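Hi,

Here is the structure I promised to pass on. Have a look at it first, and then read my notes below.

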There are 2 protein chains.
Amino acid sequence: MKPYPAYREMADTAIANLDLPTEPRQLYEPITYVMSQPGKRIRPALTLMACDALGGNLEAALTPAIALEVFHNFTLLHDDVMDRADIRRGQPTVHRRWNDNVAILSGDAMLTLANRLIAQTPAYCREQAVNLFNQTAIEIYEGQQWDMDFETRHDVSEQEYINMIRLKTSVLLGCACKLGALIARADAARADKFYQMGLNLGIAFQLKDDMLDVWGDPDTFGKEIGGDIANNKKTFLLINATARATGDDADELRRWLNDPYALRDQKVTAVTEIYNRLGLRQLSLEAIGRYNRLALDALESLNLNIEARQAFESLINQMAGRDK
Amino acid sequence: MKPYPAYREMADTAIANLDLPTEPRQLYEPITYVMSQPGKRIRPALTLMACDALGGNLEAALTPAIALEVFHNFTLLHDDVMDRADIRRGQPTVHRRWNDNVAILSGDAMLTLANRLIAQTPAYCREQAVNLFNQTAIEIYEGQQWDMDFETRHDVSEQEYINMIRLKTSVLLGCACKLGALIARADAARADKFYQMGLNLGIAFQLKDDMLDVWGDPDTFGKEIGGDIANNKKTFLLINATARATGDDADELRRWLNDPYALRDQKVTAVTEIYNRLGLRQLSLEAIGRYNRLALDALESLNLNIEARQAFESLINQMAGRDK
């Protein structure tokens, strides 16, 4: 096994070598723009790590691994259009820097590019890899649609929320782990354990993300705190606050949610205090702990060598405990 | 060989049997909505015809054929968002009936659905089929981007225009024909002749479409006449008119193009008269004849049996001479 940054650098190099055409410029420049922004490259790194942990051929895993990163960036690009997001990774989003049409069409091209890359999976597991990839893609669209549906609903349950983040965020991490295992010629049962590890890691990761928006340090988190609260975003926290608040807390929460003229900072401070009074920080940590445990259980059941086990264990604990 | 409607009906039945999930509703309803609108199903019909002409297995060709129809409808869906089109096949477009976000996301899901279907091509030619499909998809996005680029340019040449419609429209018809040939186990040279037949048929088809917008009968054409003229759309006709008009015609054409307050009907009538004076109807017919000839040459070089040859010949002549 290598240290995490070595897998990330392999992914970065492969992305830099994608060698896209240059014309028509408005189709290809946005793809280069988003793919060259520095990122954690978690998805391709997971594929490479899973493959390496089973002694698979890393070179064979590299192109399929990059397919997942291109796909992930395509979903961000289209999500940013749908969410009218202006900034991503500190840079203007594609639809802001160019326009909506450019963002739609270059996103489409990225999805087809991802399909081309996944089609280069070695023949012995190509069919499984392509089916896994397409199934994952469909689930991610379903997750995004549920997320948008939740915007206008006031009765979203914690279970529905967990299912939404499972689809929108976590299945791609499960897919990344399983893909690496398949390329290392793992059998179906073993490949599915890798999937479970990635899936539960992904749920813990997203729940932690919800926490960081409220209690994160803006300097290390890398984005402004309180965006979810300001936008009434149905997160694990808001859903649980709505379900649990009673008396004055319930009245106050309802007032902030229904006041379109609320001052952002006042609203963020007040809602955070309600979350604190309701013990939601502890509740979140417990939920993260549960999914973290499920990921570690899946890891343990794989009986990897000590070096591989420690590499995943450290990654899982880092992602559930991350401060950025 | 069967009569054309039999291939169309095979495609219609397979589309009706796609058996999509129902939830989340806003993701899947638009897909059912666009796929169930009646259409000519030219692309899957071409795949089935090409396969049948070579004695291939039609059942094996059906799912890949439908992949092309789903893909084609995905491009229409996203193009309609980009072009702000309100009506398609007499019905409100998806972004009008729902909204832009629904149109973007359900379009993405259609592209992944098309990928799933093309991945079900029989194993003996799957790799070729998938590569052909992905290459065609990329070319279509390039064509759409060139088409949007042309909107703000005033120096588009006929050659650039032909290249744009080759990418945006014709490569998918080439792909459809070649795909059927591959499934019928044609060798590379023969499959490429099918591609050339479909490609040139597609160029003739689009040039005829440009003509119908000006000289078509609105009752049989199925959409309003003059839309391209009203919108200053860079068609074969406008590009040639700009290049060929001199003296008063050039002045008048420039005036209509630059008058944002022109009355639609007056503009359409006046520009049509300029086209008539410049002999552009004849020029278009000659160009269509050239591409029609190339398609027929490719067909002839295939040495198909008389029944298959006549079926394609009649289709090619119909599509270049169609009045709707």
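In chain B, helix α13 (residues 247-257) packs against helix α14 (residues 264-277) with the axes 10 Å apart and an angle of about 150° between them. Keep in mind as you read that this is a predicted model. An angle over 145 degrees counts as roughly antiparallel, so that is how α13(B) and α14(B) lie to each other. The crossing of α13(B) and α14(B) is left-handed.

Which residues bring these two helices together? On the α13(B) side they are Asp249(B), Glu252(B), Leu253(B) and Trp256(B), and on the α14(B) side Lys267(B), Ala270(B), Val271(B), Ile274(B) and Arg277(B). Sorted by class, that contact holds five nonpolar and four charged residues, with no polar ones.

Now for how the chains go together. Chain A can be superposed on chain B by a rotation of 180° with 0.0 Å of shift along the axis, and the RMSD comes out at 0.0 Å. This is the relation of a two-fold axis. As for where they touch, 27 residues of chain A and 27 residues of chain B take part in the contact. In chain A, the elements that put two or more residues into that side are α2 (25-35), α4 (58-83), α6 (100-118) and α7 (126-150). The largest share belongs to α7(A), with 11 residues. The chain A side divides into 15 nonpolar, eight polar and four charged residues. The copies meet through the same surface, because 100% of the interface residues of chain A are interface residues in chain B as well.

From α6(A), the contact uses Asn101(A), Ile104(A), Leu105(A) and Asp108(A), while α4(B) brings His78(B), Val81(B) and Met82(B). By class, the residues of this contact are four nonpolar, two polar and one charged.

Last, some backbone details. Most residues other than glycine have a negative phi, and most peptide bonds are trans. Here are some exceptions.

- Glu23(A) and Pro24(A) are joined by a cis peptide bond, with omega about 0°. Pro24(A) sits in the loop between α1 (4-16) and α2 of chain A.
- In chain B, the bond from Glu23(B) to Pro24(B) is cis, with omega near 0°. Pro24(B) lies in the loop between α1 (4-16) and α2 (25-35) of chain B.
- Arg89(A) is not a glycine, yet its phi is positive, near 55°. You will find Arg89(A) in the loop between β1 (87-88) and β2 (91-92) of chain A.
- Asn303(B) is another non-glycine residue with a positive phi, about 50°. Asn303(B) belongs to the loop between α15 (280-301) and α16 (306-321) of chain B.

Is Arg89(A) buried or exposed? With 12 other C-beta atoms within 10 Å, Arg89(A) is exposed, since the cut-off for that is 12 or fewer. Asn303(B) has 10 C-beta neighbours inside 10 Å, so it counts as exposed.

Cheers

Terms used:
Residues numbered from 1 in each chain as written. Chains lettered and ligands numbered in written order. Predicted model: local features only at pLDDT ≥ 70, side-chain atom pairs only at ≥ 80, totals over all residues. Least-squares fit on C-alpha atoms with pLDDT ≥ 70 in both. Contact = placed C-beta atoms within 7 Å. Helix = DSSP H or I, 4+ residues; strand = E, 2+ residues; numbered from the N terminus. Nonpolar A, V, L, I, M, F, W, Y, C, P; charged D, E, K, R; others polar. Buried ≥ 20, exposed ≤ 12 C-beta atoms within 10 Å, placed from the backbone. Axes fitted to C-alpha atoms, helices over the stretch in contact; angles between N-to-C directions. Parallel < 35°, antiparallel > 145°, perpendicular 65-115°, else oblique. Left-handed = near helix turned anticlockwise from the far one by under 90°.
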